[in-house]
Amino acid sequence: MLENFQNHINNTFPFLRKRKLLIAISGGLDSVVLTHLCKQVNFEISLAHCNFNLRGTESDSDEAFVLDLANNLDLEVFIESFETETYAQNNKLSIQMAARELRYNWFQDLAQQLDFDYILTAHHADDNLETFLINLTRGTGLDGLKGIPEINKNIVRPLLKFTREDIEVYAKKNSIKWREDSSNASTKYLRNKLRHDVIPVLKAINPDVLLNFNNTLDNLKDTADIVEESVQAVLKRAIIDMDDTMVSYKISEFIKVNNPKAYVYQIFKPYGFTQWDDIVDLLKAQSGKQVFSKTHKLLKDRETLILSKIEDNDNNSQDLIPLEVNSNTATINTPLGVLTFQTVENPSKTDQSTICIDKEKLKFPLTIRHWQEGDYFYPFGMKGKKKLSKYFKDEKLSLLAKKKVLLLCNQKEIVWVINYRADDRFKITDQTKSVLKIKLL
């Protein structure tokens, strides 16, 4: 196995050489063998062990075993103890999910603080088949059937092509000792039920099941590449606008494909959406309809879908401008950018992002707030007032763009629809003595 492991490293993971590596080690067969193999190929490795305090003295014995192993191999080792049950209760997680979250968060903290280039885990081919079957029984898309990735950002799994049998034969041949986790014998968890009751039957039916499974994964990954290429082609046609806060999609590009549901699944799944029928219905819904995930929302706006993050904006909140009557300059940060205020002798050129107004017509402090239904102003250069809702309609602002609009206010009066139009009541006249220049950067 050592020779096969060396060849696998050379062909698939040559970048691991001369890098600082952290091995996640439980003390069990897989992670102990991975440690020995990495030591044999002269990798620069350290060990990280989690004591989840779930099995009493057995957990403490695992920790002691890992400490002895590190000492015998002359390796640096990090140990962290977790109150896993408390964490699971506080975060409303299963014990398994809590342990997973705790260990990976800790591994990443170690990697960041101590400059480890990669974190190695000892997942193998049997683990991969178990994960595949778990995802299959729960219902999943193509991504869930591709198995455990060999490389996921800074997580690397160099044993995925090897079976548990390969690993155990190597351990016994080289007199390598390891710890057995008693909880692995229990069929309380789905993974253990598959490991003890289902996979042995599959292996009895076909001894080459793992080899055939790996071939199937390769085929599925090839199919996924084709799907991704097709999705990117649709996205290239569909995306009509994009910035840091939103993405706008042309609905007609989704409607014209043979299976819109399949495309919206692939495109919007990364944003936490699961209501695929609702999203498909959104394509033909009336303007203003929305679908939400925990983090994002999809908004139907005329002929477009607008994807944006969910933000806790209070439309009634107000920010005071730190500008007094006698102040000559001031700045304030807003969601739209930085507003600068400067008292100048003469008005300068104005545009959507710059206005010059009569400072003496203002009553300080000014405020910034989101617009509300019923708001009106006197558009610069026009006679009479106009409701903002009508102004937005005339300007053809999208629903999302309207939600982002901020107003600079003089008590209850609107001074500027920021980055759109100033109010005529505060314009400079022949009687103006003090000019305030306001600019959005």
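This briefing walks through some sheets, helices and loop residues of the structure above.

The model is predicted, so local features need pLDDT of at least 70 and side-chain atom pairs count only at pLDDT 80 or more, while totals for chains, interfaces and linings use all residues. Residues are numbered from 1 along each chain as its sequence is written, and side-chain values use heavy atoms, with hydrogens and water left out. Helices (H or I, at least four residues) and strands (E, at least two) are DSSP runs numbered from the N terminus. Two strands pair if DSSP finds at least two bridges between them.

**The four-stranded sheet**

- Here 4 strands make an open, antiparallel sheet, and the order is β13-β14-β22-β15.
- β13 (329-334) and β15 (354-358) each have a single partner strand, so they stand at the edges with one side left without a neighbour in the sheet.
- Ignoring direction, neighbouring strands of this sheet are turned by 20° against each other on average; axes are lines fitted to C-alpha atoms, for helices over the stretch in contact, and angles run from 0 to 180 degrees between N-to-C directions.
- β13 pairs with β14 (residues 337-344) over 6 bridges in the antiparallel sense.

**The five-stranded sheet**

- Another open sheet takes 5 strands in the order β7-β8-β11-β10-β9, with antiparallel pairing.
- Its edge strands are β7 (239-242) and β9 (290-292), and each pairs on one side only.
- From one strand to the next, the twist averages 15°.
- Inside this sheet, β8 (residues 246-250) and β11 (residues 304-309) run antiparallel and are joined by 5 bridges.
- Met-246 has Ser-308 in β11 as its bridge partner.

- β20 (residues 413-417) is mostly covered, with 4 of its 5 residues buried; buried means under 20% relative accessible area, exposed over 50%, and partly exposed in between (1.4 Å probe, protein chains only).
- β19 (residues 406-410) pairs with β20 over 4 bridges, again in the antiparallel sense.
- In that pair, Leu-407 stands opposite Val-417 of β20.
- The β19 and β20 hairpin has 2 residues between the strands, and Gln-411 there takes a positive phi near 55°.
- β20 is also joined to β21 (residues 421-422) by 2 bridges, and the two run antiparallel.
- Val-417 turns up here too, opposite Arg-421 in β21.
- With 3 residues between the strands, the β20 and β21 hairpin has a positive phi near 75° at Asn-419.

**Helix α6 and its packing on α9**

- α6 and α9 (residues 209-238) pack at an angle of about 60°, their axes 10 Å apart.
- That makes α6 oblique to α9; angles under 35 degrees count as roughly parallel, over 145 as roughly antiparallel, 65 to 115 as roughly perpendicular and the rest as oblique.
- The α6 and α9 crossing is left-handed, meaning the near helix is turned anticlockwise from the far one by less than a right angle (clockwise would be right-handed).
- α6 brings Ala-125, Asp-126, Asn-128, Leu-129 and Phe-132 to the contact, and α9 brings Leu-210, Phe-213, Asn-214, Leu-217 and Leu-220; contact means heavy atoms within 4.5 Å.
- By class, the contact of α6 with α9 has 7 nonpolar, 2 polar and 1 charged residues (Ala, Val, Leu, Ile, Met, Phe, Trp, Tyr, Cys and Pro count as nonpolar, Asp, Glu, Lys and Arg as charged, and the others, Gly among them, as polar).
- Also in α6 (residues 125-138) is Thr-131, which is buried at a relative accessible area of 15%.
- Leaving aside residues up to four places away in sequence, Thr-131 touches Ile-148 and Arg-191.

**Ser-31 in helix α2**

- Ser-31 belongs to α2 (residues 29-40) and is buried, with a relative accessible area of 4%.
- Not counting residues up to four places away in sequence, Ser-31 touches Ala-24, Ile-25, Ser-26 and Ala-122.

**Loop residues with positive phi**

- Most residues other than glycine have a negative phi.
- Asn-42 has a positive phi near 65° and is found in the loop between α2 and β2 (44-51).
- Asn-42 is exposed, with a relative accessible area of 68%.
- Lys-396, not a glycine, has a positive phi of about 60° in the loop between α13 (388-394) and α14 (399-404).
- Lys-396 is exposed, with a relative accessible area of 68%.
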